Amino acid sequence: MNDSQIDRIMNNPKFQEMVSKKRRLSWTLTAIMLFVYVGFMLLVGYNKPFLASSFNGGVTTWGIPLGLGIIVLSFILCAVYSYIANNKLDSLNEETLKEIEAITHEQGRL
C-alpha cells in the first residue's frame with residue numbers, strides 16, 4: 001500500500017464517519033463509567049458515615065448496593081457497546097471495508 005492509497009483511505013467519508021461514531025461511543029461510555037467510579041471513590045473518601053449507614057435498617061450498608069451497582073453498570077455498558085457495535089456500526093464497517101478494498105485493489109490498475 002502506498003502513501004496515496006493511505007491518504008485516500010484516511011480521507012474517505014465512510015472511514016471518517018466510522019471512526020467518528022466509534023470514538024464518540026467509546027468516549028461517552030468511558031465518561032459515564034469514570035463519572036460513576038470517581039463519584040463512588042469521592043463518596044468513600046469524603047462521606048464514610050453515609051456509606052456506613054444502614055440501607056434497610058439491618059446490617060446491609062449503603063456501600064454494598066452502590067459497589068455492586070458499579071459492577072452491574074460495567075456489564076450494562078459493555079452490553080450497550082456490544083449491541084450498538086453489532087447492530088449499527090458493523091454495517092458501516094462493512095461498507096467502509098468494501099471501499100478500502102476497492103482503493104487497495106486499484107494499485108494494479110495505476
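At 13% relative accessibility, L29 counts as buried, since the cut-off for that class is under 20%. The model in which this holds is a predicted one. L29 belongs to helix α2. Leaving out residues up to four places away in sequence, L29 touches L77, V80 and Y81. L29 also lies 8.6 Å from C78, C-alpha to C-alpha, although 49 residues separate L29 and C78 in sequence.

**Residues of α4 facing this region**

V80, one of the residues touched by L29, is part of helix α4. With a relative accessibility of 33%, V80 is classed as partly exposed, because the value falls between the limits of 20% and 50%. I84 is likewise located in helix α4. The relative accessible area of I84 is 23%, so I84 is partly exposed. Neighbours within four places in sequence aside, the contacts of I84 are L25 and L89.

Some C-alpha separations for these residues are set out below.

| Residue pair | Separation in sequence | C-alpha to C-alpha distance |
|---|---|---|
| L29 and C78 | 49 residues | 8.6 Å |
| I84 and I64 | 20 residues | 30 Å |
| V80 and W62 | 18 residues | 26 Å |

**Packing of α2 and α4**

How do the axes of α2 and α4 cross, and within what distance do they come? The two axes cross at roughly 175° and come within 9 Å. An angle over 145 degrees counts as roughly antiparallel, and α2 and α4 are therefore roughly antiparallel to each other. Sorted by class, the residues in the contact of α2 with α4 comprise 20 nonpolar, six polar and six charged.

**Packing of α1 and α4**

Helix α1, residues 3-10, also packs with α4, at an angle of about 160° and with the axes 10 Å apart. This angle makes α1 roughly antiparallel to α4. The crossing of α1 past α4 is right-handed. On the α1 side the contact is formed by Q5, R8 and I9, and on the α4 side by I100, I103 and T104. By class, the contact of α1 with α4 holds three nonpolar residues, two polar residues and one charged residue.

**Nonpolar cores**

Which residues make up the largest nonpolar core? It has six residues: I9, F15, M18, L92, I100 and I103. Two elements each supply two or more residues to this core, namely α2 (13-46) and α4 (63-105). Helix α4 provides the largest share, three residues. Three members of the core, I9, I100 and I103, also take part in the contact between α1 and α4. Another core, of five residues, lies apart from the largest one, and its members include L25, L29, L73 and L77.

M18, a member of the largest core, touches L92, N93 and T96 when residues up to four places away in sequence are not counted. L92 belongs to that core as well.

How values were computed. Residues are numbered from 1 along each chain as its sequence is written. This is a predicted model: local features need pLDDT of at least 70, side-chain atom pairs count only at pLDDT 80 or more; totals for chains, interfaces and linings use all residues. Side-chain values use heavy atoms; hydrogens and water are left out. A nonpolar core is a set of buried Ala, Val, Leu, Ile, Met, Phe, Trp, Tyr and Cys residues joined through side-chain atoms within 4.5 Å. Buried means under 20% relative accessible area, exposed over 50%, partly exposed in between (1.4 Å probe, protein chains only). Helices (H or I, at least four residues) and strands (E, at least two) are DSSP runs, numbered from the N terminus. Contact means heavy atoms within 4.5 Å. Axes are lines fitted to C-alpha atoms, for helices over the stretch in contact, and angles run from 0 to 180 degrees between N-to-C directions. Angles under 35 degrees count as roughly parallel, over 145 as roughly antiparallel, 65 to 115 as roughly perpendicular and the rest as oblique. Ala, Val, Leu, Ile, Met, Phe, Trp, Tyr, Cys and Pro count as nonpolar, Asp, Glu, Lys and Arg as charged, and the others, Gly among them, as polar. A crossing is left-handed if the near helix is turned anticlockwise from the far one by less than a right angle, and right-handed if clockwise.
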